[in-house]
Each structure stands twice: as structure tokens, then as C-alpha cells.
Amino acid sequence: MEPAAEAVAGREFPATVPGCVHTDLLAAGAIPDPFLDDNETRLHWIGRTAWRYETTFDADGLGGDRVDLVADGLDTVATVVLNGVEVGRTANMHRGYRFDVTALLRPAGNELAVRFDSAYGYAQRVRDELGARPNAYDEPFQYIRKMAANFDRPSSRRESGGRSGCTPGRGRDWPRSGPS
């Protein structure tokens, strides 16, 4: 494990949604600014780490025949769990998701968690299953529905390699996140 990764292991941090792990860690003072010096290279471990966002909420004012949990954007490989029940998995950052959670909601004390697995790990597993494909450089970006700029490219800075654009739930303020 990278020394910087060890420094955040087992800790929880306030999270802003929409947002991303990098900005949450930066706001908490847990990492240096990725755009200074060689910090970008030193922070590559963030995109190769699984992260978990959690929150609790009450649903006593909701009505109607159906209640959906709406995720306008989950980047990228995510597992959504409500009250201990998996409601969905995602592997495409370019679309939104809608999960019927009517039967799972309680009037109070609902626990919602989204685990983001490493897009690198996912793409590498798909590459291993399918075999090598033509590529301009040694990154598995073509094996996952994710913005290619999030992978290392010789001609561009990495934008996040992690959870950029993560918006797990319309209007929801998630109080904490941390490595899972």
C-alpha cells in the first residue's frame, strides 16, 4: 500500500456530492494539491482504490406508489446498497441510473451506501478476459465505459482516475466517505 494510502486507510472524511474523492480528500487536508509539482503522479493510488460513500436519511414524507433512487452519474464501477440490500451495480459513467427502492424504505433511519471499485481493476479484468486489443498506449481505457482522459495518457494530465462526476442521488448531501 502506498504511504499516502496508509494515511487515509480506515478514516472517514466529509464528502460533497456531486463531487469526487480527490476534492473530498483535498478539502480534508488528507492529500496535497494534485496540480502542484509531481503530486499528480504521487496520487495515482486514489484511482486504484475502492471508496465507499455512506449516508443516512429519513423518508417519512415520501408518497406515491413507487419511489426511485436516482443517480444522475456514478463514476464508474459502483455497487448501491440501501438498508443492507444491494439495489444495483453500475459500470458506465456516461448514463444515469434509477433504482426502485419502494419496498426497502423505512420512515426513518435509512442507510444508503455506494461502493466505488477501481475502474482500473475492472478494465484490466475485462482486458484479461477478452485478450489484448489494439491500443495507442498501455492503458486499458477501451475496456470500460469511462472517460478516457481518466487514464494515464502521455499528452494530457489525468483528470481524476477516480470518482469525477459522481452524483449518487439527486439532492442528497452525503456526510462521509472513506476507503472501503
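**Figure 1. Ser118 at the start of helix H4.** The side chain of Ser118 reaches the backbone nitrogen of Gly121 at 3.1 Å. The model shown here, as in every view, is predicted. A side-chain oxygen of Ser118 also comes to within 3.2 Å of the backbone nitrogen of Tyr120, at the start of H4. Ser118 belongs to the loop that runs between strand E6 (110-117) and helix H4 (119-130). Its relative accessibility is 13%, so Ser118 counts as buried, the cut-off being under 20%.

Figure 2. H4 has twelve residues. From first C-alpha to last, H4 reaches 16 Å, close to the 16 Å expected at 1.5 Å a residue. Its buried residues are Ala119, Tyr120, Gly121, Ala123 and Val126. These buried residues pack against strand E3 (77-82) and E6. An α-helix has 3.6 residues a turn, so residues three or four places apart point the same way. Gly131 follows H4, and its phi is positive, near 95°.

**Figure 3. Arg48 over the ring of Tyr120.** Tyr120 is one of the buried residues of H4. The charged end of Arg48 sits over the Tyr120 ring. The distance from that charged end to the ring centre is 3.8 Å.

**Figure 4. Two of the aromatic pairs.** The structure holds three aromatic pairs. One of them joins Trp45 and Trp51 in a tilted arrangement. Their centres lie 6.2 Å apart, with 40° between the planes. Trp45 is buried at 6% relative accessibility. Trp51 is buried too, with a relative accessible area of 1%. Tyr97 and Phe99 form a stacked pair, because their planes stand at 0° and their ring centres are 6.2 Å apart. Both Tyr97 and Phe99 are buried.

**Figure 5. Asp75 and Thr76, joined by a cis peptide bond.** The bond from Asp75 to Thr76 is cis, with omega near -5°. Most peptide bonds are trans. The side chains of Asp75 and Thr76 also make a polar contact, at 2.4 Å. Thr76 lies in the loop between strand E2 (68-71) and E3. Its relative accessibility is 0%, so Thr76 counts as buried.

Figure 6. The peptide bond from Val17 to Pro18 is cis, with omega near 0°. Pro18 is found in the loop between helix H1 (3-8) and helix H2 (21-27).

**Figure 7. Asp37 and Asn83, each with a positive phi.** Most residues other than glycine have a negative phi. Phi of Asp37 is near 50°, and phi of Asn83 is near 50°. Asp37 lies in the loop between H2 and helix H3 (39-42). Asn83 lies in the loop between E3 and strand E4 (85-91). Asp37 is exposed, with a relative accessible area of 74%. Asn83 is buried, with a relative accessible area of 16%.

**Figure 8. The protein chain as the setting for the close-ups.** The chain has four helices and seven strands. Along the sequence they follow the pattern α-α-α-β-β-β-β-β-β-α-β. Buried residues make up 47% of the 180 residues. Of the contacts with a separation of 6 or more, 68% come from residues 24 or more positions apart. The accessible surface comes to about 9400 Å², and 49% of that surface belongs to carbon and sulfur atoms.

How values were computed:
Residues numbered from 1 in each chain as written. Predicted model: local features only at pLDDT ≥ 70, side-chain atom pairs only at ≥ 80, totals over all residues. Heavy atoms only, no water. Phe/Tyr/Trp six-rings, centres within 6.5 Å; stacked < 30°, edge-to-face > 60°. Buried < 20%, exposed > 50% of the residue type's maximum accessible area, 1.4 Å probe, protein only. Lys NZ or Arg CZ within 6 Å of the ring centre and 35° of its normal. Helix = DSSP H or I, 4+ residues; strand = E, 2+ residues; numbered from the N terminus. Polar contact = N/O pair within 3.5 Å; in protein donor to acceptor, adjacent residues only side chain to side chain. Contact = heavy atoms within 4.5 Å. Areas by Shrake-Rupley, 256 points an atom, 1.4 Å probe, with all protein chains shown as cover. Expected span 1.5 Å × (residues − 1).
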